[in-house]
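Me: I am new to this structure. Please walk me through the terms, and tell me what backs each one.

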Amino acid sequence: MMKLSLFRNTIRNKLMLLLLIATILPIATSMVISYNSTKRSISEEAYEKNARVLSLGRANLQSYMQNINQKSLAVYNSINVPRSLYYILEHNMEDEVFPSDLTDVIRNRNLLRDHLLNIYQSVKESHQVRLHVVSTNTTYLLNNSGDKIRADIPTDEYRVLTKKPYIEPSHLSHNYGLEARSTDQSELVFTLHRPIFLAPSEVLMAQLSIDVKLDALMDLNRHLYDPGKEKFYIVDASGNTIISSEEGAAGKPLEGDWLKEIRKGDLSNGYLKWEDSHFAGIVFYDRVTTPMMDWYLVKLTPYEHLYKTAEGITRINTWVGAMFLTIAVLATLLISYRFTKPLLSLIGYVNQIERGHLNVDIDIRSNDEIGLLSRRFRSMMQTINNLILKEYRLELANKTNQLKALQAQVNPHFLYNALQSIGTVALQHKDQQIYSLVTSLGKMMRYNMNTGESIVELEKELGYVQAYLDLQKQRFDKSLEIQYLIDPEARSIPVPKMILQPLVENFFKHGFKQNDDEPARLMISCSLQDQILLIRIQDNGAGMSDEELAVVNDGLNLGEAASWGKESGIGLLNVLSRLQLHFHESASIELTNASPQGLIVELRIPLGRELTSE
């Protein structure tokens, strides 16, 4: 158990763990952030793009249906002109039968045929045109099976007339109750039915019906979706399919709970995120509403198709990340081994010395800091060995104590120098990120190790805080934004060491909130106002309640640690005590809530007397 504990606590293992975390964590975080950011960007782009596309489709569909509607209104053109279609219907001339003059019958029949042919040809995609005359109960039909008009009394089920124009959903074309011909061919169509009234009354003279092929609508909307990967429908308010990207679905009721949600929402456009056993993705829709029709343009985009690009980028990033991660892990293991091998050798020599072998030969020949330390240690042991031979045991004990004190001083310098070595190796391996992190940590260590001065210029204190925040910035990446507003005249003002870092650290302990939608923000400002150095540290974190603020500020005024956080309260009180000691009792620290959220810590330092140094 002891061996296992020693193994876990070795510098080699700690260094390997640190380097592995420093390489694996950023790469993995970067991959996750990249994937989520790409998905979010693709989703937002898809929302905007499909809204524009369906809006364009709606405009094109409205224009197309308005054109057909205008063609059907041609019946009312030249209503007072003899031989016009309206005039013929108004005067019951469409099939006048004079036993003595069959020529007029044929002439009127041909004239009626010409009017229907004009309507048929004006709608390019029309399949057939039907005119049912109320007064004679006669249906006239002109289709593409020939250029002759058919006229007859239809069966009862085809005599249904309407008082308002409307669009009949997609269906198979039929002969409107007339006798079928061998040349007739059924085709999927939608139909515009328009009643023709005797103006200005509501007396119904006839009903005009125009069958339009669905190919026209399909061609009109084909650019709105990706065939084979996305589905597209035009459905009416009753759920009948007008056209569909799925073969055989047109003219049938469209089943789907997402359609019920769209119709229940009664919105003109939008999208739904949908997942069930039949479909998982986003349903985009736009609504076309006119007096004759209430249709929905619906587009189904599966997540698989929508995020295909994001998944491709993620796969590439994964392979690249895995490759670099492998290299980084191997480099980490190699560096850790090469770096700690001399240390383990030195520990072995120290163990021999502890057992009384003071003349042991320390054979470490490296030229780095560890080699220098080994040579100095060997020289020191030679000196100690000579002293043992010359001095009394008391003198030997004193020298041993001096050795321990010297070791306690060497260790921090050794670690700082070791960090410099790691930074050098990082540059040699072209890893600027590790070098930057090691440099920031080295700055902090050098600042802490300099015990010869307790009063420094504000510039140095800010440099120490910046090194600390650089390490935090690497940890949180884009989730953390830092801003400095420093008055140049304030940079040279002497202040006690370590008055800013505890306040900044409190933000990460108590106020930091990692949020994908909004980054955490920290602003440090320093300014001079009427011989008062004003330092503000403001964040947008969790903040504090009014009760907590009152407790903390009262505790600072009374010189007591705040109850909201014992360690943090002691840190604030320690900073305030040193400010009052080195400046004046009027120096203060005040905490207030920021708007709309966050915390402001404000230090007010009077500059009326000289600082004392320790």
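Me: What does helix H5 lie across, and at what angle to E6 does it run?
Reply: In this predicted model, helix H5 (residues 214-221) lies across E4, strand E5 (188-198) and strand E6 (203-213). Helix H5 runs at about 60° to E6.

Me: Which sheet holds E4, E5 and E6?
Reply: They belong to an open sheet of six strands, in the order E3-E2-E1-E6-E5-E4. The pairing is antiparallel.

Me: What makes E3 and E4 the edge strands?
Reply: Strand E3 (150-152) and strand E4 (166-172) each pair on one side only. On average, neighbouring strands of this sheet are turned by 20° against each other, direction ignored.

Me: How do you know that E1 and E2 pair?
Reply: Pairing needs at least two bridges between two strands. Six bridges join strand E1 (residues 126-133) to strand E2 (residues 138-143), so the two strands count as paired. They run antiparallel. Within this pairing, Val133 stands opposite Thr138 in E2.

Me: What holds paired strands together in general?
Reply: Strands of a sheet pair through backbone hydrogen bonds.

Me: How many aromatic pairs does a search of the whole structure find?
Reply: The search finds 13 aromatic pairs. One of them is formed by Tyr47 and Tyr271.

Me: Why is the pair of Tyr47 and Tyr271 called stacked?
Reply: The ring centres must lie within 6.5 Å, and the planes must be under 30 degrees apart. Here the values are 4.1 Å centre to centre and 10° between the planes, so the pair is stacked. The pair links distant parts of the chain: Tyr47 is in helix H2 (residues 11-72) and Tyr271 in strand E9 (residues 269-275), 224 residues apart.

Me: What makes the pair of Phe507 and Phe512 edge-to-face?
Reply: Edge-to-face takes planes over 60 degrees apart. Phe507 and Phe512 show 80° between the planes and 5.8 Å centre to centre, so they are an edge-to-face pair.

Me: Are Phe507 and Phe512 buried or exposed?
Reply: Phe507 has a relative accessible area of 3%, and Phe512 has 17%. Both values are under 20%, so both residues are buried.

Me: Which residues do ring pairs link into a cluster?
Reply: The cluster consists of Tyr468, Phe476, Phe507, Phe508 and Phe512.

How values were computed:
Residues numbered from 1 in each chain as written. Predicted model: local features only at pLDDT ≥ 70, side-chain atom pairs only at ≥ 80, totals over all residues. Heavy atoms only, no water. Phe/Tyr/Trp six-rings, centres within 6.5 Å; stacked < 30°, edge-to-face > 60°. Helix = DSSP H or I, 4+ residues; strand = E, 2+ residues; numbered from the N terminus. Buried < 20%, exposed > 50% of the residue type's maximum accessible area, 1.4 Å probe, protein only. Axes fitted to C-alpha atoms, helices over the stretch in contact; angles between N-to-C directions. Contact = heavy atoms within 4.5 Å.
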